Amino acid sequence: MSYISGARSVADEQVRIASTKIDGIGPKKAIQVRYRLGISGNIKIKELTKYQIDQIEQMIGQDHVVHWELKRGERADIERLISISCYRGIRHQDGLPLRGQRTHTNARTFRKLIRK
C-alpha cells in the first residue's frame with residue numbers, strides 16, 4: 001500500500017481510479033495527469049516505479065490544490081462568512097442548513113448537536 005499526496009492507494013487499482021481518492025482530484029483531472037506523464041490507461045499502482053510515483057506527486061502538487069491545502073481554504077472561506085455575519089455565516093455558526101432546506105421535519109443529522 002502506498003501513499004500519493006497524503007491519500008492511501010490500493011496496489012491493485014488502476015492509476016486513474018486510485019488518484020481520484022485524493023481530495024481535490026476528480027476523474028477528469030486524474031486522466032489529465034496520467035496523460036501528461038505518458039502512463040498507460042490500464043497500469044496498476046503496484047506496477048508503477050518509484051520515479052513515476054514521485055512524478056505523479058510532483059505534478060499534482062504543482063498544478064492542483066489538494067488535501068490539507070483544500071481543507072484549509074474551505075475552512076478559511078467559512079470563517080470569512082462567519083466574521084462578516086452574513087446569512088450563510090450565521091447558519092454555519094448555528095449548525096443549521098445553509099441552502100434553504102426545510103428544518104421543521106428534516107435536517108436531523110445537521111441539527112444533531114442542537115437537539116435536546
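This briefing describes the fold, the charges and the salt bridges of one chain. The structure is a predicted model. Its secondary structure consists of five helices and two strands, and a search of the whole structure finds six salt bridges. Arg34 is buried but takes part in no salt bridge.

**Overall architecture**

- Read from the N terminus, the elements follow the order β-β-α-α-α-α-α.
- The radius of gyration of the chain is 20 Å, whereas a compact globule of 116 residues would have one near 13 Å.
- Along the principal axes, the C-alpha atoms occupy a box of roughly 55 × 30 × 20 Å.
- Of the contacts between residues at least 6 apart in sequence, 48% connect residues at least 24 apart.

**Surface and charge**

- Buried residues account for 26% of the 116 residues in the chain.

- Lys46 and Asp12 form a salt bridge in which the closest N and O atoms are 3.1 Å apart.
- This pair links distant parts of the chain, 34 residues apart: Lys46 belongs to the loop between α2 and α3 (50-63), and Asp12 to the loop between β2 (7-9) and α1 (15-18).
- Lys46 is exposed, at a relative accessible area of 52%, while Asp12 is partly exposed at 47%.
- Within helix α3, Lys50 and Asp54 lie four residues apart, about one turn of the helix, and their side chains meet in a salt bridge with an N to O distance of 3.9 Å.
- Lys50 is exposed at 61% relative accessibility, and Asp54 is partly exposed at 37%.
- The side chains of Arg75 and Glu79 also meet in a salt bridge, at 2.4 Å from N to O.
- Arg75 and Glu79 are four residues apart in helix α4 (residues 67-83), so about one helical turn separates them.
- Both partners are partly exposed, Arg75 with a relative accessible area of 44% and Glu79 with 39%.

**The buried Arg34**

- Arg34 is located in helix α2 (residues 27-37).
- The nearest side chain of opposite charge to Arg34 is that of Glu47, 12 Å away.
- Apart from neighbours within four places in sequence, Arg34 is in contact with Arg16, Ile39, Ser40 and Gly41.

Conventions
Residues are numbered from 1 along each chain as its sequence is written. This is a predicted model: local features need pLDDT of at least 70, side-chain atom pairs count only at pLDDT 80 or more; totals for chains, interfaces and linings use all residues. Side-chain values use heavy atoms; hydrogens and water are left out. Buried means under 20% relative accessible area, exposed over 50%, partly exposed in between (1.4 Å probe, protein chains only). Lys and Arg count as positive and Asp and Glu as negative; His and the chain ends are not counted. A salt bridge is a side-chain nitrogen of Lys or Arg within 4 Å of a carboxyl oxygen of Asp or Glu. Contact means heavy atoms within 4.5 Å. The radius of gyration is taken over C-alpha atoms; the globule rule is 2.2 Å times the number of residues to the power 0.38.
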